[in-house]
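Student: I would like to learn how to read disulfides and helix packing from coordinates. Could we work through an example together, term by term?

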Amino acid sequence: MSQPPTSRLSSFLAAGSFVALLATVVHCGSGAVGVDACRQIESRRCELAQGCDGFAIENDSDVVECQLFYHDQCLFGIADIDADPDPVSVDACVAALEAAAACRDAENLGACAEAPTLAMGQSLEANTACKVIAVPERLAACDFLAQKPDSGDGGSGGGTSADGGTSADGGAGGG
C-alpha cells in the first residue's frame with residue numbers, strides 16, 4: 001500500500017529540511033578567534049594561580065578542574081581580537097606570566113628584579129604577581145588580550161575575556 005500524496009510530500013520536505021540543516025551545520029564554524037591561544041594561556045594561569053589569594057585553586061585537583069573548565073570556555077575564543085595571536089605572542093605572554101609568578105614572594109613587582117614588563121599605564125608597585133596572573137593583559141606581552149575600545153559599530157565582541165575567570169569549581173577567578 002502506498003502513502004497518500006500529502007504524506008509523501010511531508011516526508012520529502014522533512015528529509016529535505018534535515019539535509020539542508022545538516023549542510024548548514026557542516027559548513028558553519030563558531031567564528032571564535034584565538035581558541036588555542038586562550039587554552040594555552042588559561043591552562044598556564046590555572047597552574048600559576050595555585051596559592052594566590054583570591055583564587056580558589058589550592059591543590060593539583062583544583063588546577064585540573066580549572067584547566068578543564070577553560071578548555072571548554074575557550075571554545076568562545078578571546079573577545080575583541082580580530083585574528084588569532086601568533087604563536088610567538090602567545091609564548092611571550094605565557095613567559096611573562098611565568099616571570100610574574102617567579103616574583104610571588106615580592107611585596108609587589110617593583111620589588112622584584114626579574115619582574116616582567118607591564119602594559120602601558122600599569123605600575124610595578126601597584127601590581128603583585130597574583131594580580132597580573134588574574135588579569136594578564138596588565139602585562140605588555142599579553143596586551144593583545146585587552147579589550148579594544150568600542151568602535152561604535154553597535155556590534156558586540158562576543159567570546160570571553162581573559163581578565164578573570166570563575167572561582168573554586170571552575171576556574172581561575174580574580175585576585
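Tutor: Let us begin with contact, which means heavy atoms within 4.5 Å, and with helices, which are DSSP runs (H or I, at least four residues) numbered from the N terminus, as are strands (E, at least two). This is a predicted model, in which local features need pLDDT of at least 70 and side-chain atom pairs count only at pLDDT 80 or more, while totals for chains, interfaces and linings use all residues. Residues are numbered from 1 along each chain as its sequence is written, and side-chain values use heavy atoms, with hydrogens and water left out.

Student: Against which helices do the buried residues of α4 pack?

Tutor: Buried means under 20% relative accessible area, exposed over 50%, and partly exposed in between (1.4 Å probe, protein chains only). In this model the buried residues of α4 pack against α2 and α5; they are Val90, Cys93, Val94, Ala96, Leu97, Ala100 and Ala101. Because these residues cover an arc of only 155 degrees around the axis, they lie on the same side of α4, the arc being that of the directions from the helix axis to the C-beta atoms. The face turned away from that buried side carries the exposed residues Pro87 and Val88.

Student: What caps the N-terminal end of α4?

Tutor: A polar contact is a pair of N or O atoms within 3.5 Å, where within protein one must be able to donate a hydrogen and the other to accept it, and residues adjacent in sequence count only if both atoms are side-chain atoms. Here the cap is Asp86, with a side-chain oxygen 3.1 Å from the backbone nitrogen of Val88.

Student: How many disulfides are there, and in what pattern?

Tutor: A disulfide is a pair of cysteine sulfur atoms within 2.5 Å, and by this rule the count comes to 5. With bonded cysteines counted along the chain, the pattern is 1-5, 2-4, 3-9, 6-10, 7-8.

Student: Which parts of the chain does the pair Cys38 and Cys74 tie together?

Tutor: The sulfur atoms of Cys38 and Cys74 are 2.0 Å apart, and the link is left-handed, with -65 degrees about the S-S bond. Cys38 lies in helix α2 (residues 35-48) and Cys74 in the loop between α3 (60-73) and α4 (87-101), so the pair ties together parts 36 residues apart in sequence.

Student: Is the link of Cys93 and Cys142 left-handed or right-handed?

Tutor: With 105 degrees about the S-S bond, that link is right-handed. It joins distant parts of the chain, with Cys93 in helix α4 and Cys142 in the segment after α5 (129-134), 49 residues apart. Both Cys93 and Cys142 are buried.
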